[in-house]
Amino acid sequence: MYLMQFLLLAAFLFCVGVYGILARRNAVLVLMSVELLLNSVNINLIALGVYRGFEQAVIGQVFALFVIAVAAAEVGIGLAIVLLIYRNRANIDLSQVDLMKG
Amino acid sequence: MLAQNITFGILAVVMGFSAIRVVTTKNVVHAALYLVLVLAGVAGIFILLAAEFLAIVQILVYIGAIVVLFLFGIMLTRAPIGRSNELDNSQRGISAVVGLFLFGVLATILFDGFGDDKLEGTQVGRTGDVGLSIFQTYVIPFEVISILLLAALVGAVVIARRD
């Protein structure tokens, strides 16, 4: 196995996630795209850890666990905010959420 | 080695297709279900890299909890359950350009840096090592993450409650 194949897969997932964040209008779908980004980062952490040897592989797994925990917190807060937007405006179209636009 | 490469190929094809469907499908629920495929594929990649504890955590936390949260979010916001053309904004073309450009840049840099480096044999049976590492070297970040999760939980309740 080459290191490149994992890094390329992670880069592809990351770019698909960036496309989703930019092109989606529904807030829940934007949060799903953020999950794609975080997962690509985790693949990178694990693959580069294995590449660097046993000690670094363990450290990579620990950091990937931290990323998973942060992702769980992010989804919880994100969906709470989406629900609040829905309650105030009756839809979650992000192109209409422009109160802070100058 | 051959079996690992075949497994990787299958996983990569399924994950790539599902990821593209997540961001292009016109049905919100289908997007969540394709997300399950991507997350399961990531768990498979973790197993391929001998990180079996992380693969289990991935399945438990992501597929078990986060996707269910997403489905709750879809249902609670009364998103259109069937096909809908309202899910994308008018920037799809430029977004695709940005994504492709970013992929090109990343692929170029990665090929430059890691050209044809091979992954050496992966050791298995590391769950104990991961535990030791968390609770010895990284115990303070671990506690900080605990506080963060607690704060996020309380914050989500405070934000979302009706008063």
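Predicted model: local features only at pLDDT ≥ 70, side-chain atom pairs only at ≥ 80, totals over all residues.
A50(B) has 18 C-beta neighbours inside 10 Å, so A50(B) counts as partly exposed. The cut-offs explain the label: a buried residue needs 20 or more such neighbours, and an exposed one has 12 or fewer. Find A50(B) in the loop between α2 and α3 of chain B. Its backbone deserves a look. The phi of A50(B) is positive, about 65 degrees, although A50(B) is not a glycine. Most residues other than glycine have a negative phi.

A90(A) sits in the segment after α3 of chain A. Is A90(A) buried or exposed? A90(A) counts as exposed, because 9 C-beta neighbours lie inside 10 Å.

Now step back to whole chains. Chain A has three helices and zero strands. From the N terminus on, its elements run α-α-α. The C-alpha atoms of chain A fill a box of roughly 50 × 25 × 25 Å, taken along the principal axes. The radius of gyration of chain A is 17 Å, while a compact globule of 102 residues would have one near 13 Å. Buried residues make up 57% of the 102 residues in chain A. Take the contacts in chain A with a separation of 6 or more: residues 24 or more positions apart account for 49% of them.

Chain B has six helices and zero strands. Along the sequence, its pattern is α-α-α-α-α-α. The radius of gyration of chain B is 20 Å, well over the 15 Å that the globule rule gives for 163 residues, so chain B is more spread out than a compact globule. Its C-alpha atoms fill a box of roughly 50 × 40 × 25 Å along the principal axes. Of the 163 residues of chain B, 25% count as buried. Among contacts in chain B between residues at least 6 apart in sequence, 57% join residues at least 24 apart.

Next, see how the chains meet.

The axes of α3(A) and helix α6 (residues 139-160) of chain B come within 9 Å and cross at roughly 10 degrees. Angles under 35 degrees count as roughly parallel, so α3(A) is roughly parallel to α6(B). The residues of α3(A) that meet α6(B) include F66(A), V70(A), I77(A) and L84(A). On the α6(B) side, P141(B), L148(B), L153(B) and I159(B) are among the residues that take part. By class, the contact of α3(A) with α6(B) has 19 nonpolar, two polar and no charged residues.

Now look inside. The largest nonpolar core has 71 residues, and V28(A) and I46(A) touch the most other members. Which elements give two or more residues to this core? They are α1 (3-23), α2 (27-52) and α3 (54-89) of chain A, together with α1 (2-24), α2 (28-48) and α3 (52-76) of chain B. The largest share of this core, 16 residues, comes from α1(A).

Follow V28(A) to its partners. Leaving out residues up to four places away in sequence, V28(A) touches V82(A) and I92(A) in chain A. In chain B, V28(A) touches V28(B), F70(B), G73(B), I74(B), T77(B) and A79(B).

End with F46(B), in helix α2 of chain B. F46(B) is buried, because 24 other C-beta atoms lie within 10 Å. Again leaving out residues up to four places away in sequence, F46(B) touches I46(A), A51(B), L54(B), A55(B) and Q58(B). Finally, check F46(B) against G9(B), 37 residues away along the chain. The C-alpha atoms of F46(B) and G9(B) are separated by 14 Å.

Conventions:
Residues numbered from 1 in each chain as written. Chains lettered and ligands numbered in written order. Core = buried A, V, L, I, M, F, W, Y, C linked by C-beta atoms within 7 Å. Helix = DSSP H or I, 4+ residues; strand = E, 2+ residues; numbered from the N terminus. Contact = placed C-beta atoms within 7 Å. Axes fitted to C-alpha atoms, helices over the stretch in contact; angles between N-to-C directions. Parallel < 35°, antiparallel > 145°, perpendicular 65-115°, else oblique. Nonpolar A, V, L, I, M, F, W, Y, C, P; charged D, E, K, R; others polar. Rg over C-alpha atoms; globule rule 2.2 N^0.38 Å.
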